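This report describes a protein model in terms of its ring pairs, nonpolar cores, sheet and helix packing. The sequence and the structure come next.

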Amino acid sequence: MAGLPPNANLAPAPSNEIHTIFVAGLPHDATDRELYLLFGSCDGDDKSMIVRKDNGKRPYGFVNFNHGRGADMAREKVNGFQWDPSDPIKLKVELSKRNTPDWFTATCSPAGSAEARKKEILSRQPKTLYITGLPHTVSKELFEALITANFRGQVPGMRFTAQVDSKPAFAFVGFYDHHQAKSAMERLEGYVWTHEGVSSTIHASFANTEFNIAAHESTPPPPGSHPASSRTVHLSRLPPTCTKEALEHTLEVSFPRQVEALRFHQKDTKPPFAFILFRTPEAAQAAIARYNGSEWNGSHLKASPARTELDVTKLGSHA
């Protein structure tokens with residue numbers, strides 16, 4: 001989530017000053033980590049906690065700051081924030097009636113400097129990545145396709161939150177072990193993703209707490225459950241000068257030995273387009289994520305699932 005501007009060098013709060021905020025309107029699946037990250041970039045934030053009830057009502061949270069100014073900044077910045085674009089309820093942030101008691105401990109955000117927090121996180125061998133810098137045009141489906149294609153079998157679950165107004169999109173991706181997460185972080189960090197003409201540099205870092213698999217686990221579909229056109233991609237808006245041979249070469253470089261068949265169409269008055277049959281649904285999803293919105297010789301490509309699967313018996317196949 002979008003954090004707050006750094007508020008460094010805040011002096012300890014006077015004992016009679018309210019420096020705790022109350023956050024209402026949280027979704028039922030909100031996690032401590034997400035609440036912390038909403039306020040985490042403000043140096044005055046040192047404790048946070050979500051309270052859940054058994055009566056079915058939405059959870060609420062408390063965030064403690066070391067100075068009243070930090071609490072006021074957080075209240076003004078986040079009050080009215082829409083947590084989930086599909087949820088009409090907006091957050092209500094106000095000063096708490098009282099400060100948090102001594103027993104209130106930081107369940108998800110270690111107190112101290114940013115460097116101390118980083119060391120504490122690394123000591124736990126984290127398995128969850130926090131992904132930012134996503135193009136604002138990217139959807140949940142495209143992000144999941146990118147992760148699934150590149151880290152298949154390593155991700156028990158992920159959560160994507162689309163951009164809302166000025167709040168940029170972000171995601172959490174949980175891995176089965178630390179080494180998988182570290183390798184993925186190194187691959188994703190600095191990757192430039194171009195989608196629908198918008199280029200953005202992805203940033204990947206270890207999240208402050210682990211992914212809640214029980215709440216967000218993504219169960220892979222059973223074999224044979226893919227739709228009929230799950231392996232065929234419709235690639236349109238190709239450059240006018242594009243040829244079938246040039247497209248075949250590009251596909252072989254990006255997806256070696258993953259293309260089973262290709263049908264290329266070229267007319268004088270319209271840009272060329274093609275139907276591409278991949279060997280697996282995962283390769284097709286990866287191709288959509290890679291090509292949709294990307295630029296090729298001045299043309300912005302459009303890639304989407306085809307309505308029907310190509311009939312390989314009527315086309316030449318690729319060895």
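## Aromatic pairs

Eleven aromatic pairs are found when rings of Phe, Tyr and Trp (its six-membered ring) are paired if their centres lie within 6.5 Å, with planes under 30 degrees apart counted as stacked, over 60 as edge-to-face and the rest as tilted. The rings of Tyr130 and Phe172 have centres 5.2 Å apart and planes at 25°, so this pair is stacked. Tyr130 belongs to strand S5 and Phe172 to strand S7, 42 residues apart, and the pair thus links distant parts of the chain. Tyr130 counts as buried at 13% relative accessibility, and Phe172 is buried at 0%; buried means under 20% relative accessible area, exposed over 50%, and partly exposed in between (1.4 Å probe, protein chains only).

Phe255 and Phe278 form an edge-to-face pair, with 5.7 Å from centre to centre and 80° between the planes. Phe255 sits in the loop between H7 and S12, Phe278 in strand S13, 23 residues apart. Phe255 has a relative accessible area of 10% and is buried; Phe278 is buried at 0%. Ring pairs also link Phe22, Tyr60 and Phe62 into a cluster.

## Model and overall figures

This is a predicted model, in which local features need pLDDT of at least 70 and side-chain atom pairs count only at pLDDT 80 or more, while totals for chains, interfaces and linings use all residues. Residues are numbered from 1 along each chain as its sequence is written, and side-chain values use heavy atoms, with hydrogens and water left out.

The protein has eight helices and 16 strands, taken as DSSP runs numbered from the N terminus (helices: H or I, at least four residues; strands: E, at least two). Of its 319 residues, 45% count as buried. Among contacts (heavy atoms within 4.5 Å) between residues at least 6 apart in sequence, 72% join residues at least 24 apart.

## Nonpolar cores

A nonpolar core is a set of buried Ala, Val, Leu, Ile, Met, Phe, Trp, Tyr and Cys residues joined through side-chain atoms within 4.5 Å. The largest holds 48 residues; those touching the most other members are Leu129, Ile131, Leu134, Phe143, Leu238, Leu247 and Phe278. H8 gives the most to this core, with seven residues. Apart from it lies another core of 17 residues, among them Val23, Ile50, Ala71 and Val93.

## Sheet and helix packing

An open antiparallel sheet of four strands has the order S12-S13-S11-S16; strands pair if DSSP finds at least two bridges between them. Strands S12 (259-265) and S16 (302-305) stand at the edges with a single partner strand each, so one side of each is left without a neighbour in the sheet. The twist averages 20° from one strand to the next. Six bridges join S12 to S13 (residues 273-278), and Arg263 has Phe275 as its bridge partner in S13.

Helix H7 (residues 244-254) lies across S11, S12 and S13, at about 150° to S12. Helix H8 (residues 281-291) touches S11, S13 and S16, its direction making about 155° with that of S16. Axes are lines fitted to C-alpha atoms, for helices over the stretch in contact, and angles run from 0 to 180 degrees between N-to-C directions.
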